[in-house]
Amino acid sequence: MKSLKTAFLLAAAATATQLDATDFSLTYTPKGGSAESNALATGTIGINTSLLPNPGNYSSGGMGTGYSGVAITPPAWLTSFTLTVSGITGAESKYNGTYTLADITYLDWSASSAINLSNEIVGQPGFQWISFDLRERTFGPHAHGAGASELYSDMHSLELELTSFAIALSGVADQLAWMSSINGANRIYMIGSSLAGLPLEGAHHRPMLSFDRMGKESQAWATGDFGSSSRTRDVHVTSGEAGINWNLGKSFLFGVAGGHAVQNADLAFGGSSATKGDFAIAELDYRPEGTQWIVSLLGMVGSWESKTHRGYTSGASLDSSFGIADTITRSARLRVDAPSLVTFGGFGFAPYASYTVTQTIVGAYTETGGAFPASFNEQEHNATEGRAGITASKDLSTATKLLLTVEAIHRFDGAGPALTGQDITGGVSFNLPGTAPRADCVRFGFDVDHKLSADTLLNISAHVSTVGEAHDVSAAISIRRAF
């Protein structure tokens, strides 16, 4: 009998009854000797083992029901079913396809003595058979005693003898835990957005023209950023960059920078992810001559590699599978800063507003290792965000300036991309809907600009946020040298 590497599937929209069930894996392999010897069939069946007659018999009511093509009412112990038949050629190719619970027109189960549902069922002394009639196309499969099985059409025009009807436990003791680990892979596209967001709203949270030009035409800078979130996810991000900008005439400033960022996150069941990569930023600022208005346009492209150890329960212990995903992010931000409109307590209050679009593309990848690796399809999402805030600024001395900010953040995009893929054998698939971001939060921050010399500026900034998509805490430090 062919050995079976077990697979597991839990539908994202499963009912409470299905979540209490155990999913088994069905595998059929041809014995050969017929025109349809290339036929294959794989699938899953969900069984509430506490309700299954073991030992005992179950019959849906007779062969006539099977020929009528009318779906039966599934017994309480049958919670889900999917079977995909492929490889049949010629006139009988119409029997290829995927069958679901609604296609079952007859069901028969027999176990003469108690069988061990923790092991492969075919070949156990107590196992007699489990058979299905499938509406209009396929009559079967049947499995008897030592494991011989047959797959035929409802008119007996197609008959395939298969070497194994193997049915075995997935080995996942906690189905909800396993699905939670799959859902954790959704975070990869969130990681891309988070990595892009740190420098955009950290070192570049204000336009370049808002920094003192110190009487020179150009500036070079080096910056380090840090961000952390712990209330809704356990994430730590760091980045560093170096850049240069220069005046273009009397009203424009253009700058470019390159950097490197790293994000580490803890996932469920001992899992973890580490993402790193490089990014490039370009910014164009415009200040109409004779005014303090600033209009800035910033663009950023990042290329990241995510290494994920997806943890899950396997029997009584923890296991993990490893995958590497390549991610690309592209961001564009338009921002308008007004001059100080009100002065109070020595502070000038200036409003600003921005709008940011970030596209994230996570490449398809396949895991290795562990008992239950999976293959994930590509994901793509466009996040849109608006910010409106006020900056209160005050000169503490000729060398030091303090800036305080408060801003409201709103996400305009809805649910993220669905997570789709399949188990490593390709026998079962999953399709999990995306989750919507927290739409609103408020962020508070401060900046200190301090001149170390006539042409060197030190900037320190820090921000805290209410619960939302922004980092709970973030900070940045930069050195700017004018020349």
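This is a predicted model: local features need pLDDT of at least 70, side-chain atom pairs count only at pLDDT 80 or more; totals for chains, interfaces and linings use all residues.
Is phenylalanine 483 buried or exposed, or something in between? With a relative accessible area of 48%, phenylalanine 483 counts as partly exposed, because that class runs between the 20% and 50% cut-offs.

Now look at what surrounds this residue. Setting aside neighbours within four places in sequence, phenylalanine 483 is in contact with Lys216, Glu217, Ser218, Gln219, Ala220 and Ile244. Glycine 215 is 268 residues away from phenylalanine 483 in sequence, yet their C-alpha atoms are 8.7 Å apart in space.

Searching the whole structure turns up seven cavities of 30 Å³ or more, and the largest cavity holds about 80 Å³ of space. Its lining is made up of Arg187, Met190, Ile191, Ser194, Arg233, Val235, Gln263, Ala265 and Leu267. Helix H4 (187-200) and strand S13 (252-266) are the elements that give two or more residues to this lining, with H4 supplying the largest share, four residues. Sorted by class, the lining has five nonpolar, two polar and two charged residues.

Strands S16 (317-337), S18 (347-362), S21 (379-395) and S22 (400-411) each give two or more residues to the lining.

Side chains of opposite charge can pair when their charged atoms come close. How many salt bridges does a search of the whole structure find? There are 14. In one of them, glutamate 201 pairs with arginine 333, and the closest N and O atoms are 3.5 Å apart. This pair links distant parts of the chain, 132 residues apart: glutamate 201 is in the loop between H4 and strand S11 (218-229), while arginine 333 is in strand S16. Both partners are buried.

Two further pairs are worth a look. Aspartate 337 and arginine 335 meet in a salt bridge at 2.7 Å, N to O, and both are buried. Aspartate 413 bridges to arginine 411, with the closest N and O atoms 2.8 Å apart, and these two residues are buried as well. Finally, salt bridges with shared partners join Glu201, Arg333, Glu385, Arg387, Glu407 and Arg443 into one network.

Notes: Residues are numbered from 1 along each chain as its sequence is written. Side-chain values use heavy atoms; hydrogens and water are left out. On a 1 Å grid over the protein atoms alone, a cavity is a set of points where a 1.4 Å probe fits but cannot get out, and a pocket is an open set with protein on both sides within 12 Å along at least five of seven lines; lining residues have an atom within 4 Å of a point. Grid points are joined across faces, edges and corners, and a volume is the space filled by probe spheres set on the points. Ala, Val, Leu, Ile, Met, Phe, Trp, Tyr, Cys and Pro count as nonpolar, Asp, Glu, Lys and Arg as charged, and the others, Gly among them, as polar. Buried means under 20% relative accessible area, exposed over 50%, partly exposed in between (1.4 Å probe, protein chains only). Contact means heavy atoms within 4.5 Å. A salt bridge is a side-chain nitrogen of Lys or Arg within 4 Å of a carboxyl oxygen of Asp or Glu.
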